[in-house]
Amino acid sequence: KNHFLKSGGFQNIPKQEYTYDFLLRSLEKDARFLHIPKVLIHNHYRQDFSSFYSSGETALKAYISRNKINATVEPGLIKSTYRIRRKLEHFPKAVIVIPTKDNLPVLKKCINSILAKTTYPNYEIVIINNCSTEEATLSYYEEMSNSKQEIRCIDYDLEFNYSAINNWAVNQIDSEYILLLNDDTEVISKGWLGSMVELIQRPKTAAVGAKLLYHDNTIQHAGVILNMGGLAGHAHKHCSAHEDGYLGRVNIIQNFNVCTAACLLIKKTVFQEVQGFDEKNLKVAFNDVDLCLKIVEAGYQIAYTPYATLYHYESKSRGKDRMPQQLKRARKEKAFIRKKWGKVLKKGDESYNSNLSLSRHDFSLRI
């Protein structure tokens, strides 16, 4: 009752928006929302979930007005959802960091897609050359560095260590925002970078992840769920890119505890505050899980946006872990995460209902 009164109760808005407006007002008063793990009612909505979303345009407009947010309310990607489109009052420079080694056809596709599809006006591409030796690759680096585009190439002459390469690269860059990007990606949506910068402007948002697709147009990444698949799994993995997912979550802006660093925009200050990637214990895998959990532990948020969509030709760069030495390293890295973040994993993922499956990626019931 006290919180209801403190939040202002129900306001003079359309009847169907009472609850939504009250929840928004509650958030402004630092209300905490918790999962109730017991099921009272279950509806099996797999196709049409739009009935879960009431009309909320009036409530959202009132929210951004009260909080003096420079934004507009626009229709979302799916029926009965909305997008708060935050305006960019200035265009801070975003530096796109791409580590690579002798992977020219894939790298070219990545670079060309960035140049063709990026509408955000203030960005730079920094290619990190990790011991390339092929003549064609080295010629391409020189060509790009000498082009009129905002591209430069810097050399990292030590053995492959994803965490160390990116930690070193971040320290070479003088920019507020840094986009970590795998070379085996290809930009699809034109507004991709601007939609990420738009969200990272928020004071509490330290990183923003993107929607990534496999080459066959199925979901590769739409956020990461802790404990899914044993440790951390990608939400809606292998679902069709034409589907909206569980309650539309594939195509709704939301917060996650973890997003993949295959395409991750991050504030440099926060990256340095949490001491970046763990280059000693997590040289190849799970370094992004550790980074994101450190960010959340420090009190920041990680957002996911479907308005930044790319292809991710996963493992085209370094291949999958199949050799005995690689498998040994992968098991060691997995064990390190379990030991370091055991309490967090035991608690479960706040962005996932405990009644849903952890062995599947499609948000099916946990039976």
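## Reading cores, contacts and patches

Colleague: Which residues touch the most other members of the largest nonpolar core?

Modeller: Ile-128, Leu-291 and Ile-295 do, in a core of 56 residues. A nonpolar core is a set of buried Ala, Val, Leu, Ile, Met, Phe, Trp, Tyr and Cys residues joined through side-chain atoms within 4.5 Å. Buried means under 20% relative accessible area, exposed over 50%, and partly exposed in between (1.4 Å probe, protein chains only). A second, separate core of 35 residues includes Ile-111, Met-144, Leu-181 and Ala-210.

This is a predicted model, where local features need pLDDT of at least 70 and side-chain atom pairs count only at pLDDT 80 or more, while totals for chains, interfaces and linings use all residues. Residues are numbered from 1 along each chain as its sequence is written, and side-chain values use heavy atoms, leaving out hydrogens and water.

Colleague: What is Ile-295 in contact with, leaving aside neighbours within four places in sequence?

Modeller: Contact means heavy atoms within 4.5 Å. For Ile-295, the partners are Ala-206, Ala-207, Ile-266, Val-270, Val-274, Tyr-300 and Ile-302.

Colleague: Now Thr-185: buried or exposed?

Modeller: Thr-185 counts as buried because its relative accessibility is 1%. Not counting residues up to four places away in sequence, Thr-185 touches Cys-110, Ala-262, Leu-310, Tyr-311 and His-312. A polar atom of the Thr-185 side chain also lies 2.7 Å from the backbone oxygen of Asn-182.

Colleague: And how does Leu-27 count, buried or partly exposed?

Modeller: Leu-27 has 47% relative accessibility, so it counts as partly exposed. Together with Leu-23 and Phe-33, Leu-27 forms a nonpolar patch on the surface, with about 280 Å² of accessible area together. Accessible areas come from the Shrake-Rupley method with a 1.4 Å probe, and for residues only the protein chains shown count as cover.

Terms used: Polar contact = N/O pair within 3.5 Å; in protein donor to acceptor, adjacent residues only side chain to side chain. Patch = residues over 30% accessible without salt bridge, like charges linked within 9 Å, V, L, I, M, F, W, Y side chains within 5 Å. Salt bridge = Lys/Arg side-chain N within 4 Å of Asp/Glu carboxyl O.
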